[in-house]
Amino acid sequence: MNSSTTNHGDLDAVFKQKRVLRTQLRKTLKAMDPSLRSQQDNAVQDIVLGTPWFKSSLRLCAYISCSALREVDTLKLLSHIFQHSGGKRVYVPRVEDKNSHMRMLHISRIDDLIANSMDILEPAPVDADGNAREDVMQANDPVDLFLLPGLAFDRSGRRLGRGGGYYDTFLKNYQDHARTRNWKQPLFVALSYSQQILDEGVIPVTSSDVPVDALVSPDGVIPISTAALSSFLHCFRQQVNGVLIVLNDVKN
Ligand SMILES: Nc1nc2c(c(=O)[nH]1)N(C=O)[C@@H](CNc1ccc(C(=O)N[C@@H](CCC(=O)O)C(=O)O)cc1)CN2
Ligand SMILES: Nc1ncnc2c1ncn2[C@@H]1O[C@H](COP(=O)(O)OP(=O)(O)OP(=O)(O)O)[C@@H](O)[C@H]1O
């Protein structure tokens, strides 16, 4: 899916295009009407709550939305998990250093979070009792769902992040980790305002960019990979027994 960029000149050009696009998206997000934004926040989170992959997920990694960055809110989702879904384990990002190194640590309540130097809420490495929080890379069981932030996305699964490379590095490591343990690969789902879904071909990518399996916007779910579609098909099958549904344009 990613066009493979080999020489330095090409790479520099792609990073420059990404910077230009980021500036454009930041402007678009700043210009959004706050009440429309909050409607979209609620719509996206309600849709996520109803998806088969969210309902069935046992362990998930989610970002903690930052309103200054105009990210789709995740706090309603997280509160929902902590109040109603006792069974789910949640891991959230903690930036460790500037070398694109981030860990995902277990939290069990919103109060486990404190603001970092970038004003993003994140967990301290140890909990209130002084015990080290579980790092998802040390967990005995697989994460089934990642809820991802980003500045822009497209329908073929391209994702433009904030330029730190934190998520691409982490997601690639987690895929390798799951492969080594013969675990099912997790589903990568990005949360997006309508304005952040761009036409195909506009988002430049390198071979390090990890594609997403699905997008959730206020208009609904956009499944991209067969993995993202199959859980929906499973639900369909239970409802429309015997009717064959042929879906085109689904990418692996
Ligand atoms: N909520 C959230 N948490 C996250 C991320 C994220 O994108 N969102 N990250 C994902 O990597 C990591 C942190 N990386 C970050 C990278 C840049 C900025 C940031 O403030 N960017 C400013 C511009 C800074 C600049 O001048 O270059 C911006 O985008 O407006 C924040 C977090 C881990 N935690
Ligand atoms: N001109 C360049 N040449 C080589 N590497 C670069 C260049 N510009 C940025 N990088 C590196 O590429 C990485 C960022 O890549 P990318 O633009 O794909 O991040 P992103 O996908 O927006 O961020 P994230 O994955 O955290 O959401 C960073 O580690 C950065 O240091």
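Q: Why does Cys66 count as buried?

A: In this predicted model, Cys66 has a relative accessibility of 6%.

Q: What makes Cys61 buried or exposed?

A: The relative accessible area of Cys61 is 0%. That is also under the 20% cut-off, so Cys61 is called buried.

Q: How do you know how many disulfides the structure holds?

A: A disulfide needs two cysteine sulfur atoms within 2.5 Å. The cysteine sulfur closest to that of Cys61 belongs to Cys66, and it is 19 Å away, too far for a bond. Starting from Cys66, the closest one is in Cys61, again at 19 Å. The count is therefore 0 disulfides.

Q: Which residues are closest to ligand 2, and how many surround it?

A: Ligand 2 has 15 residues around it, and the closest are Lys18, Arg22, Arg159, Tyr166 and Asp168.

Q: What makes the approach of Asp168 to ligand 2 a polar contact?

A: A polar atom in the Asp168 side chain lies 2.6 Å from an oxygen atom of ligand 2. The limit for a pair of N or O atoms is 3.5 Å, so this pair qualifies. The side chain of Arg159 has an N or O atom 2.5 Å from an oxygen of ligand 2, and for Lys18 the distance is 2.7 Å. On its own, ligand 2 has 650 Å² of accessible area, and the protein covers 68% of it.

Q: Which helix supplies the largest share of the shell around ligand 2?

A: That is α1, with 4 residues. Both α1 (8–30) and α5 (166–180) give at least two residues each. As for its location, ligand 2 sits in the largest pocket.

Technical notes
Residues numbered from 1 in each chain as written. Chains lettered and ligands numbered in written order. Predicted model: local features only at pLDDT ≥ 70, side-chain atom pairs only at ≥ 80, totals over all residues. Heavy atoms only, no water. Buried < 20%, exposed > 50% of the residue type's maximum accessible area, 1.4 Å probe, protein only. Near = heavy atom within 4 Å. Polar contact = N/O pair within 3.5 Å; in protein donor to acceptor, adjacent residues only side chain to side chain. Areas by Shrake-Rupley, 256 points an atom, 1.4 Å probe, with all protein chains shown as cover. 1 Å grid on protein atoms, 1.4 Å probe; cavity = no way out; pocket = protein on both sides within 12 Å on 5 of 7 lines; lining within 4 Å. Sits in = over half its atoms within 2 Å of the grid points.
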